[in-house]
Amino acid sequence: MTVTETVEEGLFQTENPIHELNRMLVRYDLTPNQAKVYLFLSKIGVKTASEISKALKIPRTETYHLLSTLQQKGVIFSVFGKPTKFNAVGLEESLEILLNNEKNRINELDAGKESLIKLWNIIPKYGETDDEVQDNKFQSLQGRNSILVKLEQMIKESKENILVLGTEADFKRFYFTEFTELLNKTKSELRILTDHTPDTPHIFESVSPKKVKKIEDKNREDFCFIIKDDSEVIFFISNNKVKDMLAVWTDSQAFVTTLRSLFSLMWKKSHHIDETDAESLLGSEITYEHRLREIEQEKMILSYLQENFKILDTGRGKN
């Protein structure tokens with residue numbers, strides 16, 4: 001066995017770092033096999049299509065197609081001769097090329113958006129009754145990206161208020177996104193209820209302290225939701241069996257009103273994150289009877305929500 005054959009054989013073994021590189025390149029709009037061919041040429045050097053097919057155990061017809069696509073993307077090039085040979089562009093330059101390809105594709109999609117909308121609005125709707133139009137909508141969202149897209153849309157379109165309730169653990173998955181920046185820029189009334197430890201930075205630290213209050217009751221950690229304009233809500237579902245984030249968006253007035261009531265009760269009895277302990281105590285004088293009434297209200301709200309969360313979660317499992 002030659003040195004090249006030995007390298008080829010171990011190149012994509014699980015323990016080899018190049019296996020992880022192959023997985024990461026898929027994020028740059030390459031298929032697993034396209035990434036495999038690119039990395040193979042990058043490390044082995046100039047090869048014919050037949051040699052690539054044999055080494056990577058990919059059918060020859062598919063290999064030619066992969067090489068053609070990679071050439072179109074600009075990350076490999078052919079070396080003239082008989083037979084034709086192929087080589088790869090350096091990794092750093094290839095990443096730049098792939099990034100620019102994605103940016104150009106997004107710009108093209110953005111440029112064609114208005115034309116698509118105009119075309120869509122020309123086409124009349126068929127078979128839609130008044131009852132169907134008025135039905136409450138529920139949309140299941142799975143994975144951080146799909147949830148983030150919906151959150152960003154809600155924040156951008158908000159005209160009245162945005163209410164956010166959840167712990168640091170709920171929202172830390174949105175670090176390094178535009179989530180908090182959009183909240184900062186909103187002209188709507190913003191209120192945030194979250195847990196907070198004074199000595200550690202938190203995801204909402206760039207938001208004015210007057211818009212953020214502390215969740216004191218740890219029993220509320222099971223609930224995380226964001227309400228827009230008292231008309232729609234995204235609420236997160238805890239499911240230990242699923243790795244991806246799960247959430248449900250709805251414009252159901254029953255759900256929105258119930259969650260709004262829970263938020264209002266908690267906001268009323270919570271304190272701003274910049275308040276001292278003395279200030280908190282001064283502002284917390286309520287009667288025992290009043291607090292009992294609040295607890296009863298909260299119990300009713302939480303009971304309703306927990307029951308409906310179970311129904312929705314069960315419904316997801318059946319689909």
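View 1. Helix α9 (residues 144–157) lies across β4, β5, β8 (225–228), β9 and β10, and runs at about 155° to β9. Contact means heavy atoms within 4.5 Å. Axes are lines fitted to C-alpha atoms, for helices over the stretch in contact, and angles run from 0 to 180 degrees between N-to-C directions. Helices (H or I, at least four residues) and strands (E, at least two) are DSSP runs, numbered from the N terminus. The model is predicted: local features need pLDDT of at least 70, side-chain atom pairs count only at pLDDT 80 or more, and totals for chains, interfaces and linings use all residues. Residues are numbered from 1 along each chain as its sequence is written, and side-chain values use heavy atoms, with hydrogens and water left out.

View 2. The open sheet has the strand order β4-β10-β9-β8-β5-β6-β7, with mixed pairing. Two strands pair if DSSP finds at least two bridges between them. Because β4 (138–142) and β7 each have a single partner strand, they stand at the edges, and one side of each is left without a neighbour in the sheet. On average, neighbouring strands of this sheet are turned by 15° against each other, direction ignored. Helix α12 (residues 253–269) lies across β4, β5, β6, β7, β8, β9 and β10, at about 70° to β6.

**View 3. Strand pairs within this sheet.** Strands β5 (residues 161–165) and β6 (residues 189–194) run parallel and are joined by five bridges; Leu-165 stands opposite Leu-193 in β6. Three bridges link β6 to β7 (residues 212–214), also in the parallel sense, and Leu-193 stands opposite Lys-213 in β7. Strands β9 (residues 232–237) and β10 (residues 246–250) run antiparallel, with five bridges. Here Ile-237 stands opposite Leu-246 in β10.

View 4. Strands in the order β1-β3-β2 form an open sheet with antiparallel pairing. Its edge strands, β1 (47–48) and β2 (76–79), each pair on one side only. Four bridges join β2 to β3 (residues 85–88), where Ser-78 stands opposite Phe-86 in β3. Helix α3 packs on the sheet and touches β1, β2 and β3, its direction making about 90° with that of β3.
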